[in-house]
Amino acid sequence: MLVLILAIMALFTIGFVVLLVDTLKNKLAPAIATPESALQEIANTLDIQDGENVMELGCGDARVIKFCAQKFPKANFVGIDNGIISQAKAHLNTVGMKNIIIKGSNFTKLTSYNAKKYYLYLLPEALDIIWPSLPPESLVVSLEYPITGAKHIKQVKLKKPTELAHKLFVYRE
């Protein structure tokens with residue numbers, strides 16, 4: 001019985017350490033997910049069309065691309081996140097959805113992106129890193145944080161803002 005208790009304690013400790021490392025490693029995105037109340041406005045702002053490729057960098061639990069994929073089943077969605085826990089949540093949340101791919105990758109190290117539209121809920125440091133790599137003809141929607149040095153073409157105030165999410169910044173239409 002003592003061995004079983006020690007084994008459970010060891011597994012709990014290992015799980016906690018993995019979660020802690022995962023959280024500390026992923027400092028480029030806010031620690032909270034995109035609010036559910038903003039999903040429809042994000043989808044409307046992205047204006048997704050059939051056949052388009054839409055990418056979310058730092059997708060977390062993939063709630064945004066899942067919502068959009070359900071609304072636009074003829075579009076293709078890719079979620080990228082480098083957090084182990086986030087990837088697991090994203091895979092579980094999108095099981096069986098044929099128009100979603102979840103990739104485990106550090107999006108700041110990618111050299112090319114192949115989507116027409118992007119949704120970002122990232123901290124300013126991450127936005128500054130990836131902005132130069134995004135295709136100039138793409139539409140980029142950023143929740144809450146503007147991109148330093150880039151001129152947004154539109155700002156959308158959320159109808160149901162939360163304490164940490166008030167607006168969308170839209171770039172390159």
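How many aromatic pairs does the structure hold? The structure holds 1 aromatic pair, where rings of Phe, Tyr and Trp (its six-membered ring) pair if their centres lie within 6.5 Å; planes under 30 degrees apart count as stacked, over 60 as edge-to-face and the rest as tilted. A pair of aromatic rings is described by the distance of the centres and the angle of the planes.

1. Basis of the note. This is a predicted model, in which local features need pLDDT of at least 70 and side-chain atom pairs count only at pLDDT 80 or more, while totals for chains, interfaces and linings use all residues. Residues are numbered from 1 along each chain as its sequence is written, and side-chain values use heavy atoms, with hydrogens and water left out.

2. Overall make-up. The chain has 5 helices and 7 strands; helices (H or I, at least four residues) and strands (E, at least two) are DSSP runs, numbered from the N terminus. Read from the N terminus on, the elements follow the pattern α-α-β-α-β-α-β-β-α-β-β-β. Of the 173 residues, 45% count as buried. Here buried means under 20% relative accessible area, exposed over 50%, and partly exposed in between (1.4 Å probe, protein chains only). A contact means heavy atoms within 4.5 Å. Among contacts in the chain with a separation of 6 or more, 57% come from residues 24 or more positions apart.

3. The sheet. An open sheet of 7 strands is present, in the order S3-S2-S1-S4-S5-S7-S6 and with mixed pairing. Its edge strands are S3 and strand S6 (154-157), each of which pairs on one side only. From one strand to the next, the twist averages 20 degrees. Two strands pair if DSSP finds at least two bridges between them.

4. Strand S1 and its partners. S1 runs parallel to S2, to which 5 bridges join it. S1 also pairs with S4 in the parallel sense, over 4 bridges. Leu 57 illustrates both pairings: Leu 57 stands opposite Ile 80 in S2, and its bridge partner in S4 is Leu 120. Another bridge links Asn 53 to Asn 76 in S2. Because 4 of the 5 residues of S1 are buried, S1 is largely enclosed by the rest of the structure. S2 is mostly covered, with 5 of its 6 residues buried.

5. Helix H3. Which residues of helix H3 (residues 63-71) are buried? They are Val 64, Ile 65, Phe 67, Cys 68 and Ala 69. An α-helix has 3.6 residues a turn, so residues three or four places apart point the same way. The buried residues of H3 pack against helix H2 (39-46), strand S1 (53-57), strand S2 (76-81), strand S3 (100-104) and strand S4 (117-120).

6. The loop between H2 and S1. Both Asp 47 and Asp 50 lie in this loop. Asp 47 has a phi near 50 degrees, a positive value in a residue other than glycine. Most residues other than glycine have a negative phi, and most peptide bonds are trans. Asp 47 is partly exposed, with a relative accessible area of 45%, whereas Asp 50 counts as exposed at 58% relative accessibility. Asp 50 and Asn 76 are 26 residues apart in sequence, and their C-alpha atoms are 8.4 Å apart in space.

7. Ser 142. Is Ser 142 buried or exposed? Ser 142 counts as buried because its relative accessibility is 0%. The residue belongs to strand S5 (residues 139-143). Leaving aside residues up to four places away in sequence, Ser 142 touches Leu 120, Leu 127, Lys 167, Leu 168, Phe 169 and Tyr 171. Its side chain reaches the backbone oxygen of Tyr 145 at 2.6 Å. That is a polar contact, meaning a pair of N or O atoms within 3.5 Å; within protein, one must be able to donate a hydrogen and the other to accept it, and residues adjacent in sequence count only if both atoms are side-chain atoms.

8. Glu 144. Glu 144 is placed in the loop between S5 and S6. Although Glu 144 is not a glycine, its phi is positive, at about 75 degrees. Glu 144 is buried, with a relative accessible area of 14%.

9. A charge over a ring. Arg 172 lies over the face of Trp 131, at 3.8 Å from the ring centre. The criterion is that NZ of Lys or CZ of Arg is within 6 Å of the ring centre and within 35 degrees of the ring normal.

Note on methods:
Axes are lines fitted to C-alpha atoms, for helices over the stretch in contact, and angles run from 0 to 180 degrees between N-to-C directions.
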